[in-house]
Amino acid sequence: MILVTGGAGFIGANFVLDWLGGGGESVVNVDKLTYAGNLRTLRSLEGNPKHVFVRADICDRAAMDALFAEHKPRAVVHFAAESHVDRSICSPSDFVQTNVVGTFTLLEAARAYWGALGDDAKAGFRFLHVSTDEVFGSLSATDPQFSETTPYAPNSPYSATKAASDHLVRAYHHTYGLPTLTTNCSNNYGPYHFPEKLIPLMIANALAAKPLPVYGDGLNVRDWLYVGDHCSAIRTVLAHGSPGETYNVGGWNEKTNLEVVHTLCDQLDALRPKASGSYRDQITFVKDRPGHDRRYAIDARKLERELGWKPAETFESGMRKTIQWYLENQEWVQDVMSGEYRNWVAQHYAA
């Protein structure tokens, strides 16, 4: 059995669905169900005995200790985090609490559990911490891509708290010997993405004939990673990664925000054409957000060289799959955008 934190969020839920869909062992899925946690994403797992959902806060040490004691996981995959930069600018305290205090609490519970295991189980245990490329700061157009040895230089409250959690994970390996693994990924996209993020927001606004807001000049660059590829990378690192190591996970898809929106509009023009004109006509430029990093780019060669992983999707193929999913799952999208999913969660969980 593995313990997954944040398994009702975007990447975590995709990982749980992928893991169980691929015949993986049972999952204990722990999520606090904040605004971005959506149990309806996991509706296909209702009644599946291999999926145990527990509503709990990773900052609650007693609850974490009880989970380890009851379920005896052989690994932890730690997704739980506040992750939206704009929200971190408005409310940084939430990010400090979840990303720093929560990771510390989980590490302490894992260390106590791991320390009491027998020799074989102790040697096989893993704590995989899922992080972000934003901890490395911003690149210029000519800087080399982020590698695993790039110095940390976080520029937002979000990335600063993720950097702090990365350092805690590293310290617990070097100080206590806890067999940790850390992955730093680039921007994810794909099914079940909460519609505050760029790609799902643009799809929703395009279909609703609303403006497509692009920050600044639209030339901020990100490396885009299809979430299914990210899930396969985490599987690979969990199975074959060396304790104490860090692995960058990227899609080899550096795109400006404007290129992303143009690609999205062009594919929507083909898949769901408007009565007249192009979805590009809805693009509008808005005031840039404070401290907006100019460029992120991941060098994922270590993961390919040492563990044999590389992404399966191009940006175009991943975007096509993403748009098609949103077109076919408008009920899920509207449920999230209306807030009705929160009522469903409350009713379902109470039941």
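1. The lining is made of Arg 40, Arg 43, Glu 331, Trp 332 and Asp 335.

2. The model is predicted, with local features requiring pLDDT of at least 70 and side-chain atom pairs counted only at pLDDT 80 or more, while totals for chains, interfaces and linings use all residues. Residues are numbered from 1 along each chain as its sequence is written, and side-chain values use heavy atoms, with hydrogens and water left out.

3. The largest cavity holds about 40 Å³ of space, and the count is one cavity of 30 Å³ or more. On a 1 Å grid over the protein atoms alone, a cavity is a set of points where a 1.4 Å probe fits but cannot get out, and a pocket is an open set with protein on both sides within 12 Å along at least five of seven lines; lining residues have an atom within 4 Å of a point. Grid points are joined across faces, edges and corners, and a volume is the space filled by probe spheres set on the points.

4. The second largest pocket has a volume of about 370 Å³. It is lined by 19 residues, of which Glu 148, Tyr 152, Arg 170, Gly 244 and Thr 246 are the closest to its centre. Helix α6 (157-176) and strand β6 each supply at least two lining residues, and α6 gives the most, with six. This lining divides into four nonpolar, 10 polar and five charged residues.

5. Seven strands form an open parallel sheet, ordered β3-β2-β1-β4-β5-β6-β10. Strands β3 (51-55) and β10 (246-249) stand at the edges with a single partner each, so one side of each has no neighbour in the sheet. Neighbouring strands are turned by 20° against each other on average, direction ignored. Helices (H or I, at least four residues) and strands (E, at least two) are DSSP runs, numbered from the N terminus; two strands pair if DSSP finds at least two bridges between them.

6. Within this sheet, β5 (residues 126-132) and β6 (residues 180-185) pair in the parallel sense over six bridges. Thr 183 in β6 is the bridge partner of Val 130.

7. Helix α2 lies across β1 (2-5), β2 (27-31), β3 and β4 (75-78), and runs at about 170° to β2. Axes are lines fitted to C-alpha atoms, for helices over the stretch in contact, and angles run from 0 to 180 degrees between N-to-C directions. Contact means heavy atoms within 4.5 Å.

8. The axes of α2 (residues 61-71) and α4 (residues 92-115) come within 9 Å and cross at roughly 35°. From α2, Arg 61, Met 64, Asp 65 and Phe 68 meet α4 residues including Thr 105, Leu 106, Glu 108 and Tyr 113. The contact residues divide into seven nonpolar, one polar and three charged.

9. A second open sheet has three strands in the order β7-β9-β11, with mixed pairing. Its edges are β7 (187-189) and β11 (254-256), each with a single partner strand, so one side of each is left without a neighbour in the sheet. Neighbouring strands here are turned by 50° against each other on average, direction ignored. Strands β7 and β9 (residues 221-226) pair in the parallel sense over three bridges, and Asn 187 stands opposite Trp 224 in β9.

10. Two helices lie across strands of this sheet. Helix α8 (residues 227-240) lies across β7 and β9, at about 70° to β9. Helix α9 (residues 257-271) lies across β9 and β11, at about 85° to β11.

Methods: Nonpolar A, V, L, I, M, F, W, Y, C, P; charged D, E, K, R; others polar.
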